[in-house]
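The model is a predicted one.

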Amino acid sequence: MLIDEMTMIEFEEGLKQTQTVLIPFGSVEEHGPHLPLSTDTIQAIEVGKKTAARVPLFVAPSINYGNCRSSKTHPGTISISTETLKAIMTDLVSSFRSQGLRNFIILSGHAGGAHCMALQDAGEALIDRYDDIKIAIVSEYHLASSEGVYLIETIGDSHAGEIETSRIMHTHPQLVKGSSQKEFPSFPASGILVRNKRKYWQNGVWGDPTKATPEKGKALEERVVCKLVELVHEIGVFKE
Ligand SMILES: [Zn+2]
């Protein structure tokens, strides 16, 4: 049940089937020379829709901005603060709760550390505030990389690499443009922060997109959807 497309009456009827909603969180972030800035959002929406085709589930309109750090000086990355991100999630969960939803799957297509931690922080505060809700915070990328470990050839593949390129080749081939090369960033091992991130990470790729295929993208997506279907069942019956 895609909330974007539902009427008031359909929403009300939907609540008789489920109290679970998946909220896709994405980002506007460079994904190398070859993938769209909305790569993370696209992936989260796609698996959300495909999960909802298999089990009763509301899918919320996506939040298309996230917190990006290591790519923030690359062209096209538009980042929001972790405070804003936490506030958005808090407001959305509170409003969905007032509409009768009780189980929340926060599915992040963006896997940045600070971004995911902010969602986790907001979730912890929300379960303290409301004792009648359940929240799962899930990184879409981590699901794909852990479930697809035997499908992927590149060791340490991450941002805009084999996994993400395969995924977009599968669902949105028209948005994969030009070619890209294998790259791994070389930020100072000392931990010293740098202002000019691009100097240390020229093309914004972390992994090997040349190993990507649409077939791998399809297989990875299927595994992610299967895990999400399991999670929808689990959160519905979960008791502490
Ligand atoms: Zn990404």
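I listed the buried residues of helix 3: Thr82, Leu85, Met89, Thr90, Val93, Ser94 and Phe96. They cover an arc of only 165° around the axis, which puts them on the same side of helix 3. On the face turned away from that buried side I found the exposed residues Glu83, Asp91 and Ser98.

I then looked up what the buried residues of helix 3 pack against: strand 1 (20-25), strand 3 (103-108), helix 4 (113-129) and strand 4 (134-139).

I checked the length of helix 3 as well. Its 17 residues (82-98) should span 24 Å at 1.5 Å a residue, and the end C-alpha atoms are 24 Å apart, which agrees. Gly100, which follows helix 3, has a positive phi, near 110°.

Next, salt bridges. My search of the whole structure gave 11.

I looked at Glu46 and Lys50, whose side chains form a salt bridge at 2.9 Å, N to O. The two are 4 residues apart in helix 2 (residues 39-52), so about one helical turn separates them. Glu46 counts as buried at 16% relative accessibility, while Lys50 is partly exposed at 28%.

Arg54 and Glu222 form another salt bridge, at 2.7 Å, N to O. Arg54 lies in the loop between helix 2 and strand 2 (58-59) and Glu222 in helix 8 (residues 214-237), so the pair ties together parts that are 168 residues apart in sequence. Arg54 is partly exposed at 44% relative accessibility, and Glu222 is partly exposed at 35%.

Notes
Residues numbered from 1 in each chain as written. Predicted model: local features only at pLDDT ≥ 70, side-chain atom pairs only at ≥ 80, totals over all residues. Heavy atoms only, no water. Expected span 1.5 Å × (residues − 1). Buried < 20%, exposed > 50% of the residue type's maximum accessible area, 1.4 Å probe, protein only. Arc of directions from axis to C-beta. Contact = heavy atoms within 4.5 Å. Salt bridge = Lys/Arg side-chain N within 4 Å of Asp/Glu carboxyl O.
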